[in-house]
Amino acid sequence: MRICHTSADMRAACDELRRAGRTLGLVPTMGALHAGHMSLVAAATAACDAVAASIFVNPTQFGPKEDYAAYPRTFEEDRRKLEQAGVDLLFAPVAAEMYPPGNTTFVDPGEIGGRLDGASRPGHFRGVATIVTRLFNIVQPERAYFGQKDAAQVAVLRHVVRDLNLPVELVICPIVREPDGLAMSSRNRYLSSVERERALALSRALQAAAELVRSGEESAEAILHLLRTFLARVPDVRLDYVAVVDPDSLLPVTNVSTGALIAIAAWVGTTRLIDNLLLQRHQVP
Ligand code: AMP
């Protein structure tokens with residue numbers, strides 16, 4: 001596995017692969033890799049001739065009071081996992097490489113960037129859209145792999161790709177969970193064992209919502225009520241949002257019979273976790 005630290009080096013390495021006629025898949029990450037990330041790598045290696053991964057803790061998607069400095073950085077371990085998984089190229093730039101002095105251009109996804117996590121984390125999706133666009137321009141992958149775990153990010157990136165005519169196919173992979181249902185996240189390592197137990201409330205609330213829908217309930221209000229009452233009972237779990245929305249626009253729906261995204265964000269102690277359930281699979285436009 002070749003490791004590149006500069007955009008110029010990475011671009012040259014990707015050009016070389018593409019010139020050799022190999023289809024290139026990109027898996028962007030912030031590192032602290034777990035089985036969720038590795039499922040994207042597996043999907044990419046299965047479908048592409050060559051796979052590039054990136055590890056970059058992107059400062060512009062963190063708010064001033066968020067965990068940018070504390071975010072887990074486990075480069076050696078990550079490097080080993082990616083190499084073992086057959087990744088060809090690893091891009092691991094420092095912040096000044098992606099945001100050199102004097103850089104002023106950002107990608108603002110507009111209104112959709114202010115919904116769900118974008119409402120709780122102002123500027124978050126502008127940071128995400130900017131870094132992902134920059135990575136796409138450097139790597140120029142045929143396909144890029146993202147997790148359904150970050151459902152709002154998926155919706156925002158679909159908009160960015162469409163609005164900017166980016167020549168890349170987004171491939172969205174299902175949420176990978178721990179055996180007990182907790183959605184895998186780099187932030188799970190912040191949880192104490194008691195918090196880890198309480199964090200199960202998110203996936204359990206979604207399971208209860210799924211059950212309610214299976215029993216014939218179509219009303220978003222009824223689902224929201226169930227989620228709120230379920231989560232209110234759990235100590236140390238403070239709700240950020242629960243939402244039943246259209247998975248493309250992230251706007252609220254009132255009835256889930258034609259499909260919907262049920263999303264939760266909650267603080268467990270000082271750790272903010274997200275989880276979601278997609279009712280009826282999203283169709284690529
Ligand atoms: P991150 O390192 O948190 O920026 O995540 C990098 C990519 O991995 C994103 O596309 C995430 O949606 C995806 N990802 C993170 N956790 C999971 C998970 N539990 N299952 C599937 N994909 C995930």
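Strand S2 (residues 24-29) and S5 pair in the parallel sense over two bridges. Helices (H or I, at least four residues) and strands (E, at least two) are DSSP runs, numbered from the N terminus. Two strands pair if DSSP finds at least two bridges between them. In this pairing, Gly25 stands opposite Arg143 in S5. The model is predicted: local features need pLDDT of at least 70, side-chain atom pairs count only at pLDDT 80 or more, and totals for chains, interfaces and linings use all residues. Residues are numbered from 1 along each chain as its sequence is written, and side-chain values use heavy atoms, with hydrogens and water left out.

S2 also pairs with strand S3 (residues 50-55), in the parallel sense, over six bridges. Here Val27 stands opposite Ala53 in S3. On the S5 side, five bridges join S5 to strand S6 (residues 169-173), and the two run parallel. Phe146 stands opposite Ile172 in S6. Strand S5 (residues 143-147) is mostly covered, with four of its five residues buried. Buried means under 20% relative accessible area, exposed over 50%, and partly exposed in between (1.4 Å probe, protein chains only).

These pairings belong to an open sheet of six strands. Its order is S1-S4-S3-S2-S5-S6, with parallel pairing. Strand S1 (2-4) and S6 are the edge strands, and each pairs on one side only. Neighbouring strands of this sheet are turned by 25° against each other on average, direction ignored. Helix H6 (residues 124-139) packs on the sheet and touches S2, S3, strand S4 (89-91), S5 and S6. The direction of H6 makes about 150° with that of S2. Axes are lines fitted to C-alpha atoms, for helices over the stretch in contact, and angles run from 0 to 180 degrees between N-to-C directions. Helix H7 (residues 151-163) lies across S5 and S6, running at about 170° to S6.

Asp78 is found in helix H3 (residues 75-84). Asp78 is buried yet has no salt bridge. A salt bridge is a side-chain nitrogen of Lys or Arg within 4 Å of a carboxyl oxygen of Asp or Glu. The nearest side chain of opposite charge, Lys81, is 5.1 Å away. For charge, Lys and Arg count as positive and Asp and Glu as negative, while His and the chain ends are not counted. Not counting residues up to four places away in sequence, Asp78 touches Gly31, Ala32, Leu33 and Ile55. Contact means heavy atoms within 4.5 Å.

The protein is divided into domain 1 (2-173) and domain 2 (186-278). These bounds come from an automatic or database domain assignment. The C-alpha centres of domain 1 and domain 2 lie 26 Å apart. The contact takes 24 residues from domain 1 and 20 residues from domain 2.

A second open sheet has three strands in the order S7-S8-S9, with antiparallel pairing. Its edge strands are strand S7 (237-245) and strand S9 (271-279), each pairing on one side only. Neighbouring strands of this sheet are turned by 10° against each other on average, direction ignored. Strand S8 (residues 260-268) pairs with S9 in the antiparallel sense over nine bridges. Ala263 stands opposite Asn276 in S9, and Ala265 stands opposite Ile274 in S9. The hairpin of S8 and S9 has two residues between the strands, and Gly269 there takes a positive phi near 65°. Seven of the nine residues of S9 are buried, so S9 is largely enclosed by the rest of the structure.

Two loop residues stand out by backbone angle. Most residues other than glycine have a negative phi. Leu116, in the loop between helix H4 (95-98) and helix H5 (117-120), has a positive phi of about 45°. Leu116 is buried, with a relative accessible area of 11%. Leu250 lies in the loop between S7 and S8. Phi of Leu250 is near 65°, again a positive value. At 2% relative accessibility, Leu250 counts as buried.

Val234 is found in the loop between helix H9 (220-232) and S7. Val234 is buried, with a relative accessible area of 17%. Not counting residues up to four places away in sequence, Val234 touches Arg198 and Ala201. The C-alpha atoms of Val234 and His159 are separated by 36 Å, and the two residues are 75 apart along the chain.
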